[in-house]
Amino acid sequence: MKRLGIALALLIPLALVGCGEKEAAKLPPPHRMTAEVVGHYCGMNVLEHPGPKGQIFAASLIEPVWFSSVRDTLAFTMLPDEPKDIQAIYVSDMGKAPSWDKPGADNWVEARKAQFVIGSRAKSGMGGDEAVPFSDRSAAEKFIAENGGRIVAFADVPHAYVLGSGEKNTADDGASGRGSAD
């Protein structure tokens, strides 16, 4: 009986540590897009540009990093000089957006769970190719019917599509290798 008491005394703290780890692993919630947020790469107000936006939370940063386009958001995860302690990546869910010009302030989807339409006629807020995110495949398929392109998962967006400079950059150079980006 004494051994059972000792075993329980040792197991309870371990169980509590496990609960704490699960709580710490929770994703930070997305922030509401406001007129004050500025794009990381362009230094401009993100609302000045049409199309989907992004925000990234990194453990080493106090505030989320904002992006005027989803393509810039994905580039941040690929570039070697950017933080790699990414906790969450949120992108505008364009299936729930009021319009291309008004992508919405609160309709975020975690990028690693989204489906992206690449190679479409739709241009990013900065005028380049865009990776258009959707939480719902049928909304992505409807977008393709109207704008062209193809659907890929987060990990399958090609590096060349995001980091390349060509206007019709739809190269299928394989997966980006970002995986979970954390």
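Biologist: Which residues do ring pairs link into a cluster?

Modeller: Tyr41, Phe67 and Phe76 are the residues that ring pairs link into this cluster. This is a predicted model, in which local features need pLDDT of at least 70 and side-chain atom pairs count only at pLDDT 80 or more, while totals for chains, interfaces and linings use all residues. Residues are numbered from 1 along each chain as its sequence is written, and side-chain values use heavy atoms, with hydrogens and water left out.

Biologist: What makes two rings a pair?

Modeller: Rings of Phe, Tyr and Trp (its six-membered ring) pair if their centres lie within 6.5 Å; planes under 30 degrees apart count as stacked, over 60 as edge-to-face and the rest as tilted. A search of the whole structure finds seven such aromatic pairs.

Biologist: What makes the pair of phenylalanine 116 and phenylalanine 154 tilted?

Modeller: Its planes make 45°, with 6.4 Å centre to centre, so the angle is neither in the stacked range nor in the edge-to-face range, and the pair is called tilted. Phenylalanine 116 lies in strand E5, whereas phenylalanine 154 lies in the loop between strand E7 (150-153) and H4, so the pair ties together parts that are 38 residues apart in sequence. Phenylalanine 116 is buried at 0% relative accessible area, and phenylalanine 154 is buried at 3%.

Biologist: Which residues touch the most other members of the largest nonpolar core?

Modeller: Among its 22 residues, these are Leu74, Val91, Phe116, Ala131 and Val157. A nonpolar core is a set of buried Ala, Val, Leu, Ile, Met, Phe, Trp, Tyr and Cys residues joined through side-chain atoms within 4.5 Å. Helix H2 (70-78) is one of the elements that give two or more residues to this core, and the largest share, five residues, comes from H2.

Biologist: What is alanine 131 in contact with, leaving aside its neighbours within four places in sequence?

Modeller: Its contacts (heavy atoms within 4.5 Å) include Pro52, Val70, Leu74, Phe116 and Tyr161.

Biologist: Why are E6 and E7 called edge strands?

Modeller: Two strands pair if DSSP finds at least two bridges between them. The open sheet has the order E6-E5-E7 with antiparallel pairing, and strand E6 (132-134) and E7 each pair on one side only.

Biologist: How do you know that E5 and E7 pair?

Modeller: Four bridges join E5 to E7, so the required number of bridges is reached and the strands count as paired. Phenylalanine 116 has valine 152, in E7, as its bridge partner. Helix H3 (residues 137-147) packs on this sheet, touching E5, E6 and E7.

Methods. Buried means under 20% relative accessible area, exposed over 50%, partly exposed in between (1.4 Å probe, protein chains only). Axes are lines fitted to C-alpha atoms, for helices over the stretch in contact, and angles run from 0 to 180 degrees between N-to-C directions.
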